[in-house]
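I opened this model today to look up how its inside is packed. These are my notes, in the order I made them.

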Amino acid sequence: MIATLDFENASNLTTVPAEADFLRWIECTQQHVATAAKPVNVGILIIDASESAGLNRDYRGKDYATNVLSFPSDIPDAIVAELEEFPLGDLAICAEVVVREAIEQGKPAAAHWAHMVVHGTLHLHGYDHEDDAEAEEMEALERRILAALGIDDPYRNDEH
């Protein structure tokens, strides 16, 4: 399933991966979870910490910058049926948080970027981690997708 990407880097960081990397990460995720007969479209906006904190506060009631926020599409099915692509939704990724977390967790920055895109894209598909069972299912899927991308288990050092 071919995905298309609307991508914008609105952050000040110049070390953000290339747009092609983001598309590859989304397409790999799609190969593991796609159920739609249409290609998907995902929007990704790379933002700074102040914008992330504002979005996180406005949409989740949490007043701090976070790594990735997912905004699933809510376009009615009747309209989606007329479109050539399925608008999966949008991701807002905070460059500063992703880079900081990669350093703190001792992970290669590109691997953590990939993890955030996979994680966010799974949220767009309806996966969540609000309870232990959901978290285990989502994390197992993340591990499989990242392994297909040649990326180590991002949870290997986490204590659950």
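I started with the largest nonpolar core and got 32 residues, with Phe-22, Val-42, Ile-44, Ile-46, Ile-93, Trp-113 and Leu-149 having the most contacts inside it. A nonpolar core here is a set of buried Ala, Val, Leu, Ile, Met, Phe, Trp, Tyr and Cys residues joined through side-chain atoms within 4.5 Å; buried means under 20% relative accessible area with a 1.4 Å probe, protein chains only.

A note on what I'm looking at: this is a predicted model, where local features need pLDDT of at least 70 and side-chain atom pairs count only at pLDDT 80 or more, while totals for chains, interfaces and linings use all residues. Residues are numbered from 1 along each chain as its sequence is written, and side-chain values use heavy atoms, leaving out hydrogens and water.

Which element gives the most to this core? I found α5, with eight residues. Helices are DSSP runs of H or I, at least four residues, numbered from the N terminus.

Next I checked Trp-113: it touches Val-16, Pro-17, Phe-22, Trp-25, Ile-46, Ile-93, Ala-95, Val-98 and Val-99, leaving aside residues up to four places away in sequence. Contact means heavy atoms within 4.5 Å.

Then I took α1 (residues 19-33) and α5 (residues 109-124): their axes, lines fitted to C-alpha atoms over the stretch in contact, come within 9 Å and cross at roughly 45°. On the α1 side I noted Phe-22 and Trp-25, among others, and on the α5 side residues including Trp-113 and Val-117.

How values were computed
Axes are lines fitted to C-alpha atoms, for helices over the stretch in contact, and angles run from 0 to 180 degrees between N-to-C directions. Helices (H or I, at least four residues) and strands (E, at least two) are DSSP runs, numbered from the N terminus. Buried means under 20% relative accessible area, exposed over 50%, partly exposed in between (1.4 Å probe, protein chains only).
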